[in-house]
Amino acid sequence: MTIRFPDIPAFEPGTVWLVGAGPGDPGLLTVLALHALSEADVIVYDALVDERILALTNPAATRIHAGKRGGRPSPSQADISRTLIKEARKSVRVLRLKGGDPFIFGRGGEEARALAEAGIPFRLVPGITAGIGGLAYAGIPATHRDINSAVAFVTGHAVGGNLPDDVDWEALGRGAPVLVIYMALNNIEAIAHKLIEAGRNPTEPVAIISRATTPTQSVLQTTLAAAAHEARVQSLKPPAIVVVGRTVELHSILNWFTP
Ligand code: SAH
């Protein structure tokens, strides 16, 4: 049986679709993402987009890599926005493909804003963010009734590589029973330290989900006090999501995914 989806919008030439590709597993693409992949003339993609997803694109499409490559620095955000505008003005269908969700630590807002200011019509297609999809594939509920009524998404990495200085770890430590931390691997020692300072128990469970939803996914379960050391000795591979909180304990029961 062929499934026919109602009302799939046309990908009009001269427009840009900003699409979330999800955390890796191609099965987690949305119907709109799949539609965009098959229709696009130009695809501007990030380093985090899974090879198996790029393989689904129209072979005739032009691919532009907008991430770090072979030691060369990644193009600046302004360069990427300029490319999107330039391509759209050629009256082709431009797909801007990003890992996870474009609006979660993905600079989707900056690119959409540049398009809006240039008068280029665009559509946003949300994707499954690593902090949701990665947790599901690790069997760690982001919320669980008896454990937490709040969850926070945080970045552990500012532009320069340090901890972002606009994160109030003290308040998060008190207010968010479960923290889902993106880009945390390099600064995990400092983050654990700040959370313990904020009153979190050093024995609190922590999971580090590396390469979530891919064939090389690994889940390391540890504690706040031991996380930095464990991450080092296990030499975990990026990208990785760090989860702090008691829902991590459910991993041992709900761990369904065998890569
Ligand atoms: N927009 C993306 C996040 C981009 S920031 C999203 O919504 O998922 C990049 C960070 O995302 C990485 O440092 C890592 O913390 C996380 N990440 C992305 N893909 C991941 C994956 N497959 N497994 C684990 N973490 C991932």
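**Figure 1. Salt bridge between R93 and D41.** The side chains of R93 and D41 form a salt bridge with an N to O distance of 3.1 Å. The two partners come from distant parts of the chain, 52 residues apart: R93 belongs to the loop between α3 (77–88) and β4, and D41 to the loop between α1 (31–39) and β2 (42–45). The model is predicted; local features need pLDDT of at least 70 and side-chain atom pairs count only at pLDDT 80 or more, whereas totals for chains, interfaces and linings use all residues. Residues are numbered from 1 along each chain as its sequence is written, and side-chain values use heavy atoms, with hydrogens and water left out. A salt bridge denotes a side-chain nitrogen of Lys or Arg within 4 Å of a carboxyl oxygen of Asp or Glu. Helices (H or I, at least four residues) and strands (E, at least two) are DSSP runs numbered from the N terminus. R93 is partly exposed, at 23% relative accessibility, and D41 is partly exposed at 26%. These classes follow relative accessible area: buried is under 20%, exposed is over 50%, and partly exposed lies in between (1.4 Å probe, protein chains only).

**Figure 2. Further salt bridges of the model.** The structure contains 13 salt bridges. In one of them E87 pairs with K90, their closest N and O atoms lying 3.1 Å apart. E87 is buried, with 9% relative accessibility, whereas K90 is partly exposed at 48%. Another salt bridge joins E249 to R246, with 3.9 Å between the closest N and O atoms. Here E249 is partly exposed at 39%, and R246 is partly exposed at 41%. Salt bridges with shared partners also connect D46, R96, K98 and E111 into one network.

Figure 3. An open sheet of 5 strands has the order β3-β2-β4-β1-β5, with parallel pairing. Its edges are β3 and β5 (122–125); each has a single partner strand, so one side of each is left without a neighbour in the sheet. On average, neighbouring strands are turned by 15° against each other, direction ignored; axes are lines fitted to C-alpha atoms, for helices over the stretch in contact, and angles run from 0 to 180 degrees between N-to-C directions. Strands pair if DSSP finds at least two bridges between them. Strand β1 (residues 16–20) and β4 run parallel and are joined by 5 bridges. Within this pairing, L95 in β4 is the bridge partner of W17. R123 lies over the face of W17, 5.4 Å from the ring centre. Such a placement requires NZ of Lys or CZ of Arg within 6 Å of the ring centre and within 35 degrees of the ring normal.

Figure 4. Strand β10 (residues 240–244) pairs with β7 in the antiparallel sense over 3 bridges. Opposite V180 stands V243 in β10.

**Figure 5. Aromatic pair of F105 and Y182.** The structure holds 6 aromatic pairs. The ring centres of F105 and Y182 are 5.0 Å apart and the planes stand at 65°, so this pair is edge-to-face. It links distant parts of the chain, 77 residues apart, with F105 in the loop between β4 (94–98) and α4 (108–118) and Y182 in strand β7 (residues 178–182). Rings of Phe, Tyr and Trp (its six-membered ring) pair if their centres lie within 6.5 Å; planes under 30 degrees apart count as stacked, over 60 as edge-to-face and the rest as tilted. F105 is partly exposed at 40% relative accessibility, whereas Y182 is buried at 8%. Together with F153, F105 and Y182 form one aromatic cluster.

**Figure 6. The largest nonpolar core.** This core has 25 residues, of which W169, L179, I181 and I208 touch the most other members. At least two core residues each come from β6, α6 (169–175), β7, α7 (188–197), β8 (205–210), α8 (227–233) and β10. The largest share, 4 residues, is supplied by α7. A nonpolar core is a set of buried Ala, Val, Leu, Ile, Met, Phe, Trp, Tyr and Cys residues joined through side-chain atoms within 4.5 Å.
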